[in-house]
Amino acid sequence: MIGVDVGSGDRMALGVLAQYRMATTEQMHRVIAPEVRIEQTRRRLARLRAEGLVDRITLPQAGRTRVWFPTAYGAQLASEWPEMRGHRPARAVSDPTAVRLKAGHTLTVTETALVFLEDARRHGDLFRPLDWLTEVHHPIGSGEAVIPDALMYYKRGSQDGDSGAMLRAFVEVDRATMGPERLAAKLPAYERLYRYVTVAPGRRRPSIGQKPELEDWRRHYPLFPRLLFVLDGTGPVGVENRISALRAGAGQLAPSRFLHDVPILAAPLADLHHHGPSAPVWRPVHDPDQRVGWKGPSGP
C-alpha cells in the first residue's frame, strides 16, 4: 500500500467502506473527517483508489454523484485488521453494475448510520463509525436466518466515563419498495430469533425439568437488541400505513414475551434528519400514538 497512511484516516476510510459497503463522497466526509475541508476526503479516496483498495461509480440520475465501494482486495485487507475481528464486514459488492443496482438501499442505510453518528457526536455519546455493522447473520433454524440491515452498538453518556448504558439495536431500513405486509412479516422472524435455541447435532432439546439451553442470541448479547424500523421513500400516509401494518403484525405475535421485552420502534428518516434520533420521533409499534426517543430511560 505505497502512499496509503495505514495509521490514521486512510485506514478508517477503508474500514468504513468495507463495513458499510458503499458511500458517497459527501457521506464519507461526514463519517471520517467532518472537521476538515471535503477536498481532503476526496484526495484520500483517490489515493485509496490508486492503490486498488476502493473504486467508484457515478450515478448520473443523482447529479453525477460518486459512490465509493471497496474492491475485493480492499475488503479482504480490512477484514484482517484487529479492529474488524469478531464482526467480519458484510460481503463486498465490488462489481460496478451490482453496486449501481444496490446503491439506492445501501446508501440509505449509510445515511441512517450517519444520523445516529452525528447525533451521538452532538450529545457526547460513544458511537464510533465501526460500531455500525451491516448485514450480521443470525440463524433461526431450518437453514433460515435474520439479517438486519444493521446492528448498532451505542453507549449513552460521557465518552470518558463508564456510567452510561450500553445500547444495542437491530436496524431495518425500509424504502417503501415492498408492501406494508412484507415489512410487517419481518416481526415473526425476529420473534423466532428471540426464542431460538441452538441444539448441537446428536443432542435432543431439553425435556421438562431439565435446564434449557441459552437462546442463541444470548451468546452475543446480554439482552436482545431493540428493533428500529427507519421508514423512507414515502409520505405521511405511507408512513402511517406501514406503522399500522407493523402494529397488526405485532398483534399476531401476542402474547409473546418478545413484545414485552424488546422495544420495537418506527420513525421516518426525514424526522431523524430534522430532529435527530434522540428526539421523541419514534412510534412504539404496540402504541403508535406515543412519541419516544429511541434510547429511552434505560434498556438493552
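How close do the axes of H2 and H3 come, and at what angle do they cross? The axes of these two helices come within 9 Å and cross at roughly 105°, where axes are lines fitted to C-alpha atoms, for helices over the stretch in contact, and angles run from 0 to 180 degrees between N-to-C directions. H2 and H3 are therefore roughly perpendicular to each other, since angles under 35 degrees count as roughly parallel, over 145 as roughly antiparallel, 65 to 115 as roughly perpendicular and the rest as oblique. The contact (heavy atoms within 4.5 Å) is made by Thr25, Glu26, Met28, His29 and Ile32 of H2 together with Ile38, Thr41, Arg42, Arg44 and Leu45 of H3.

This is a predicted model, in which local features need pLDDT of at least 70 and side-chain atom pairs count only at pLDDT 80 or more, while totals for chains, interfaces and linings use all residues. Residues are numbered from 1 along each chain as its sequence is written, and side-chain values use heavy atoms, with hydrogens and water left out.

The protein chain as a whole has 10 helices and 11 strands; helices (H or I, at least four residues) and strands (E, at least two) are DSSP runs, numbered from the N terminus. Of its 300 residues, 48% are buried, where buried means under 20% relative accessible area, exposed over 50%, and partly exposed in between (1.4 Å probe, protein chains only).

The 13 residues of helix H3 (residues 38-50) should span 18 Å at 1.5 Å a residue, and the end C-alpha atoms are 19 Å apart, which agrees; the expected span is 1.5 Å times one less than the number of residues. The buried residues of H3 are Thr41, Arg44, Leu45 and Leu48. They cover an arc of only 95° around the axis, which puts them on the same side of H3, the arc being that of the directions from the helix axis to the C-beta atoms. These buried residues pack against helix H1 (9-20), helix H2 (25-32), strand E2 (54-59) and strand E3 (65-70), whereas the face turned away from the buried side carries the exposed residues Arg43 and Ala50. After H3 comes glycine 52, whose phi is positive, near 80°.

**Two sheets**

Strands of a sheet pair through backbone hydrogen bonds, either parallel or antiparallel. Two strands count as paired here if DSSP finds at least two bridges between them.

E1 and E3 run antiparallel and are joined by 2 bridges, and alanine 23 has tryptophan 68 as its bridge partner in E3.

Strand E7 (residues 150-155) and strand E8 (residues 166-174) run antiparallel, joined by 6 bridges, and the partner of leucine 151 in E8 is phenylalanine 170.
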